[in-house]
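Here is a friendly walk through a few helices and the residues around them. Have a look at the model first, and then read on.

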Number of protein chains: 2
Amino acid sequence: MSSSRVRKEVSAALYAFVDRQRPRMLAISDDLAPILSALDALLTEGKRLRPAFCYWGWRGVGGPERPEFVAAAASLELLQASALVHDDVMDASDTRRGQPSVHRRFQAMHENAGWPGAAESFGAGTAILLGDLCLVWSGEMYDTSGLDQETLRRGRPTYDLMRTEVMCGQYLDLLEQARGAAVPDSGTVEAALRVVEFKSAKYTIERPLHLGAAMAGADKRTLEALSAYGLPLGIAFQLRDDVLGVFGDPAETGKPAGDDLREGKRTVLVALAVERATPAQAEVMRARLGDPALGPEGVAELRSIIVDTGALTACEAMIDQHAAAAHTALSAAPITEEARAALADLAVAATARHS
Amino acid sequence: MSSSRVRKEVSAALYAFVDRQRPRMLAISDDLAPILSALDALLTEGKRLRPAFCYWGWRGVGGPERPEFVAAAASLELLQASALVHDDVMDASDTRRGQPSVHRRFQAMHENAGWPGAAESFGAGTAILLGDLCLVWSGEMYDTSGLDQETLRRGRPTYDLMRTEVMCGQYLDLLEQARGAAVPDSGTVEAALRVVEFKSAKYTIERPLHLGAAMAGADKRTLEALSAYGLPLGIAFQLRDDVLGVFGDPAETGKPAGDDLREGKRTVLVALAVERATPAQAEVMRARLGDPALGPEGVAELRSIIVDTGALTACEAMIDQHAAAAHTALSAAPITEEARAALADLAVAATARHS
């Protein structure tokens, strides 16, 4: 089916899964209704990228078109929802996908009710639990997709590896941000790229492709060919995200302008700017990056430095170069022509996007 | 095998699982070594109660003695580790099992390194990720225990239900603590018992028993008999926890004296005291419960109220009554004599303990 059809079916499978959980939860208590509403709001949005790559990994090596497979692939979206909810707590982000983040949503519920005690901890605690729920549901949705046990068994080692990798990548990301420029090997382009590899390239593209392909019984050569496409594309995807985090239009990204600068994210784009900065520019970056009160002028000043140092041009060049490598690898991959065409389209969507 | 032997084998299976993950993580980066050390420290301690109930559920309906089953049961300990690490972040607890809690451990690492930025958020963020890792590893450990696919498949619906229930129970617990006495139905003995049912009785005892029994192919009548033992025992277990949280010896519990009072936990014990308090006593409880700065005199004052209102006596009577109901149900359960004897011992250990 077409990629837009895959996206629709993935969404439908997600909603159906939550609808199966709904009565089970409400039977425990009506007080759980706000958790379900927050989940509904969270799962309505999303590019469904990981299920799409998983689907084309499966179809690319001859996996048949089956709704059960779409449900198994859609489970990756619950994993991603968990990561987003927990990320937002860790980064103290106010918004996600144009709506209040989950912890802010429950903080507001606490404030509006006028309960005693700390509304902020209630919000954070609820978001931790809701993220945990999404995390265990991702595994449950995979297991209960209706696929035969043998197909599910073939996918599990990849699923397991992917989850460990993304959590390790996220810790390395926290560590990079914590160390800032305080440690010699930290804050470099190389250190930022290592985070990108595990937190994004593998998790968003390579492993979902591998998961689908492994479930269809792909051999080693095919998995390697999918890596040769997926890893550079994943890096290009994240570098595009870095650029959007600094220069993106809030109306399209759903995040306030310059949010990544305010959060002090040690992205490849920032590392490129640090590497090229004059002492005066470096001083401004040190002082302003990660300032939670950073206003429009501060954002503008940091943007200028990123442009003036040539970091933006260098980052765009890296995106082009990695996207080209992905394209070349895709041409040679031993997969079906339908999957090749769909993956070529997804590569464009992942790197030329505005949100 | 004996219950103490089960405990040893569960620990060995856990260490073996983490040892399989270790090289995989260190291959990603040496920087992950502190995560592994924190995990090692966390998994050294623990009563291994949930794996024990799971084991006796399995053996009780004729499941054979197999190391693969012990590994599957031990996976519950990783689920519990995840819950503890996340709970400690939510409650801002400083200690766990006599050691610094995971978030405090990583906060200290940040402080000792003298990194820029907020040490506390680094600690909390790392603890969220480490809890997530334990959560996905629990599923992975179950799946890779080496048991046949059919046995694993029989257990999954119970495993899934248990995880959803415990997360719902934890949210209801947060909600009770947030609402305090602000909402008419909140803060009552009944509301506190609902939290106990889902957060403790089902999660600690009934579902682990069901999991083992379901994996061995138990029929409905047996599962019901196990509930008739497990649910009251689980309530008694949690009420003992409530008493220890207020009156326990820090040297035995590994938690500071009166920690539950300082955290403002809305336990059954506290609800019993609130129900029985004079207006003057109620006033003191309102003012002091949940005061993070509560000192030894404040703890002593609240303890006196809990004793003087008769709440402690009432709570001990509830423990006895539920333990007796569990004992009666156990006598009639259609399980092997070996399992019956082991479960009788576990019932005593769960309700007459000091830590």
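Glu77(B) counts as buried, because its relative accessibility is 3% (buried means under 20% relative accessible area with a 1.4 Å probe, protein chains only). Glu77(B) sits in helix α4 (residues 67-91) of chain B; helices are DSSP runs of H or I with at least four residues, numbered from the N terminus. Setting aside neighbours within four places in sequence, Glu77(B) is in contact with residues including Leu14(B), Arg48(B) and Arg97(B), where contact means heavy atoms within 4.5 Å.

This is a predicted model, in which local features need pLDDT of at least 70 and side-chain atom pairs count only at pLDDT 80 or more, while totals for chains, interfaces and linings use all residues. Residues are numbered from 1 along each chain as its sequence is written, chains are lettered from A and ligands numbered from 1 in the order in which they are written, and side-chain values use heavy atoms, without hydrogens and water.

Now to chain A. Among the buried residues of α1(A) are Val6(A), Leu14(A), Phe17(A) and Ile28(A). Their cover comes from both chains:

How values were computed
Helices (H or I, at least four residues) and strands (E, at least two) are DSSP runs, numbered from the N terminus. Buried means under 20% relative accessible area, exposed over 50%, partly exposed in between (1.4 Å probe, protein chains only).
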